[in-house]
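Subject: Structure for your review

Dear colleague,

Please find the structure below.

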Amino acid sequence: MSLVELTDLRYAWPRQRPCLEIGHFALAAGETVFLHGPSGSGKSTLLALIAGVNVAGTGQVRVLGEDLARLSPSGRDRFRVDHIGIVFQQFNLLPYLSVLENVLLPCRFSALRRQRAQAEGGRPEAAARRLLAGLDLAPELWERPASRLSVGQQQRVALARALIGRPALILADEPTSALDAARQRAFLELLTEECKRAGAGLLFVSHDLRLAERFGRVEDLTRLNRAQAEAACAA
Amino acid sequence: MRGLSALLALAFRSAWNRRLTLGLTLTAVCLSVTLLLSIERLRVDARTSFTQAVSGTDLIVGARASPLQLLLYAVFRVGGATQEIGWEAAAAIDRHPAVAWTLPLALGDSHRGFPVLGTPARYFEVFRYGDRQPLVFAAGRPYAGLYEAVLGVEVAERLGYQVGDRITLAHGGGEFAPEHADKPFTVVGVLARTGTPVDRTVHVSLESIEAIHLDWQGGAPIPGLNIPPELATKFDLTPKTVTAVLVGLKSRAQVFAMQRWVQDYRAEPLMAVLPGVALDQLWDLLAIGERSLLTISALVAGVSLVGLVAVILAGLNERRRELAILRSVGAGPRRVLFLLLLEGAGLTLAACVLGLLLSLALVLAVGPWLAAYSGIHLQLTWPHAAQWAWLGAVFAVGTLASLIPAWRAYRLSLADGLTPHV
Ligand SMILES: Nc1ncnc2c1ncn2[C@@H]1O[C@H](COP(=O)(O)OP(=O)(O)O)[C@@H](O)[C@H]1O
Ligand SMILES: [Mg+2]
């Protein structure tokens, strides 16, 4: 069973021409995939479909064998927090929570993530601290409001949040585009390492092919997507 | 339901993060709630204070004028009589077989802004206020002779008088009214609090009123004539006129017959008023003012609720990222709707509670002053029905109004997917 499997997927934003038409795409458990596509080609849209935030008009999106369209809306919300960690391009954190509280968010909304975090030893906070330390965030930052961190630090906190409680799938939407070249490299290293260690599958989307080298597989969205991406998607 | 309690905690943290703008709108709504509640309190308590002022009196008799005017000066000591009635008329009413008791009232003088009432000493036994309650002495006794005064509690407290103190009365009610300085009065009693105009009144006998005016004419001492207090007893101190007469009947059934008898009195034009009927006229008059006050404060409340909605709506664009993060950790669009609704409802509720507390504090702060100068007693009690109704209305409207930003947040979180295009 694939971790993610798309079949005959079609999606259009309301009042727009089809944005995505994908015949087949699969991601095996523990696999790290770099999905490349120019800006506006529908990368973020695809991630929203896999995360069950939006639902495809036709075709199937299966995650862990579950057909997302057949879950109820709140079922999809629960499924997402139980099994998927998401890292955005930027502004990943709630500014009014501390670093630690941000990392613990999934454990607050998902019993499964909390249990898995506890299974690693002790309280979820212990797991959060271990992750933050592993991502090279100094302990004196942990109690600070998230808004006081640099962008690079914020992205590492977001990664810790995505990883806590060992979700099966990590979705990363151009998480390095706000970082300079040196930090991009370091962040990518952390990201792929941590996903390997956690045994999580990783789907990383970006327009920047130079980042692709650390990934197990590289895909081109413009080739996957039969809807003539850029032109078709534009409103 | 763990997600829900987590969401509640987040809603609070998020609101706290925006506490300045939210605090300002909260203050605006809170103040308008205070305004609404206070006006409502004043309205209801003014009515009760007025209705409490007289009880057990079947008719008020005076010179023919407007019934409302008669009620105002005979009961509330507001305004003045344009005309007096002759003593003979008052005596004739007293002799009427249907009449149980009468209380002739002589008004017009004052003491340091408080009205002076001349009336027989039986006033303290016969007069009833509130729910047919009799007057009670807090100290001293009724007056028995000339130049003795019984004070309402407000007069005694405000001016610091005790039994045994000497006071002088002033002719008329103005600030610069000439004093009856040659004939000082001794305070012989202080009445217990009634919550009616009695509290603000200086009571003396009809004969005392007559005595201090022996050497007066037309509002000023007669030049060259000075009758010392001891000598006044040599004169006939039966009053020549009185301002009004309170009448108690043996049977209430006779009230209309008695009213007609008074109206038809030959010797001079008289008028008899049922206190209840005159009070109704007073309400009709006050209702216009009450309604416009209430309308204005309802408008103020409406405007501040619109402000509340505007603030939440305006902040929504900056919160789209926050909502997307919440969605990524499992909060559905309906949770987002609930979150925004909760914020609006929570703020309105907080404003209602704070407004209520503030209005109670206002009663504490202003109540004693208002009681002394207007006789209106504000009650420091749990809100009454009309106040609950206003509180409920503000809360309902506020909650309904916050559906607008909540609905918009719901739509946005559906339309944005994971990455809001802000
Ligand atoms: N929330 C949205 N509502 C409507 N159209 C959208 C929305 N998000 C993206 N689109 C459209 O879908 C297309 C693909 O966008 P997106 O998935 O963000 O591309 P990428 O992430 O590859 O840059 C674009 O044409 C964009 O205008
Ligand atoms: Mg994108």
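Of the 422 residues in chain B, 40% are buried (20 or more other C-beta atoms within 10 Å of the residue's own, with C-beta atoms placed from the backbone).

The model is predicted: local features need pLDDT of at least 70 and side-chain atom pairs count only at pLDDT 80 or more, while totals for chains, interfaces and linings use all residues. Residues are numbered from 1 along each chain as its sequence is written, and chains are lettered from A and ligands numbered from 1 in the order in which they are written.

Chain B holds twelve helices and 16 strands (DSSP runs numbered from the N terminus: H or I of at least four residues for helices, E of at least two for strands). Its radius of gyration is 31 Å, whereas a compact globule of 422 residues would have one near 22 Å (taken over C-alpha atoms; the rule is 2.2 Å times the number of residues to the power 0.38). The C-alpha trace of chain B spans about 105 × 45 × 35 Å along its principal axes.

In chain A, five strands make up an open parallel sheet, ordered β6-β7-β8-β3-β9; strands pair if DSSP finds at least two bridges between them. Its edges are β6 (84-87) and β9 (217-220) of chain A, each pairing on one side only. Within chain A, β7 (residues 169-173) and β8 (residues 201-206) pair in parallel over five bridges, and A:Ala172 stands opposite A:Phe204 in β8(A).

Kind regards

Methods: A residue is buried if 20 or more other C-beta atoms lie within 10 Å of its own, exposed if 12 or fewer, and partly exposed in between; C-beta atoms are placed from the backbone.
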